[in-house]
Amino acid sequence: SITGELHAEDVNGLTFHMPPCMDQLHTELRNAQHLRHGGRMQYGLFLKGIGLPLEQALLFWQKAFGKHTAEQFNKEYAYNIRHSYGMEGKRTDYTPYSCKGIIMGSTPGPGDHHGCPFRHWPAAKLRDSLSARGLDDFDKEDVMQFVQGHHYQLACTRYFEVTRAMKMGILTETLQGGLVEGGKSRVASQETIEHPNQFFEQSYLLFRK
Ligand code: SF4
């Protein structure tokens, strides 16, 4: 993987590169110290894909599920994590879900946090979350137009371009003492986002020093 081998404690520092579908799971996991099965699968396989090996995944999840004792964790959750790494049962080495898989997959019910925000969130919640991430009205409506046309992956691609450009602007400001171009700067995404791990990798490579 492009990150090399990750350690459990590296994950927190990588959330900027995560697409909204994974970022929401990470945030929920930190807040609730728990995720339901659909979320654990979606996020767990994503983390596997970005380079978290099994032993580190077990450490990451045990720490994240801080309310559980080690014994509870081992009994209730460790098997499934080992299973998703192909170390239990039929030993299938599961791969991270694609956008299509997530978008067409099970609709999240109350208390679930899996799914694709562009597909599964009500428009008002999505708009609020785009504002919270610093998108102005112009960019927000640009993203929402794709959503309304059911082009969720294009919405995500535009989100990628706008938010990465904003981050670059911040870097430019820091490096060059306040020189930020106005207007609608965008980072060109090499391709339409088809996979959460592709989103991560494109972003990671863009900012790798
Ligand atoms: Fe995640 Fe794909 Fe939805 Fe983007 S389009 S939020 S990467 S599922």
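In what follows, Ala, Val, Leu, Ile, Met, Phe, Trp, Tyr, Cys and Pro count as nonpolar, Asp, Glu, Lys and Arg count as charged, and the others, Gly among them, count as polar. The structure described here is a predicted model.

With that grouping, the shell of residues around the ligand divides into ten nonpolar, no polar and no charged. The residues that surround the ligand are P19, C21, C99, I102, C116, P117, F118, C156, I193 and P196. The elements that give two or more residues to this shell are helix 5 (99-104) and helix 6 (117-120). As for its location, the ligand sits in the second largest cavity.

The report now turns to helix packing. Two packed helices are described by the angle between their axes and the distance between the axes. The table sets out these values for two pairs.

| Helix pair | Angle between axes | Axis distance |
|---|---|---|
| Helix 1 (residues 20-32) and helix 2 (residues 37-50) | roughly 115 degrees | within 10 Å |
| Helix 3 (residues 54-64) and helix 4 (residues 70-84) | about 135 degrees | 10 Å |

Angles from 65 to 115 degrees count as roughly perpendicular, and helix 1 and helix 2 are therefore roughly perpendicular to each other. Helix 1 passes helix 2 in a left-handed crossing. For the other pair, angles over 145 degrees would count as roughly antiparallel, whereas helix 3 and helix 4 pack at about 135 degrees and are therefore oblique to each other. The crossing in which helix 3 passes helix 4 is right-handed.

Technical notes:
Residues are numbered from 1 along each chain as its sequence is written. This is a predicted model: local features need pLDDT of at least 70, side-chain atom pairs count only at pLDDT 80 or more; totals for chains, interfaces and linings use all residues. Side-chain values use heavy atoms; hydrogens and water are left out. A residue is near a molecule or strand if one of its heavy atoms lies within 4 Å of it. On a 1 Å grid over the protein atoms alone, a cavity is a set of points where a 1.4 Å probe fits but cannot get out, and a pocket is an open set with protein on both sides within 12 Å along at least five of seven lines; lining residues have an atom within 4 Å of a point. A molecule sits in a cavity or pocket if more than half of its atoms lie within 2 Å of its grid points. Helices (H or I, at least four residues) and strands (E, at least two) are DSSP runs, numbered from the N terminus. Axes are lines fitted to C-alpha atoms, for helices over the stretch in contact, and angles run from 0 to 180 degrees between N-to-C directions. Angles under 35 degrees count as roughly parallel, over 145 as roughly antiparallel, 65 to 115 as roughly perpendicular and the rest as oblique. A crossing is left-handed if the near helix is turned anticlockwise from the far one by less than a right angle, and right-handed if clockwise.
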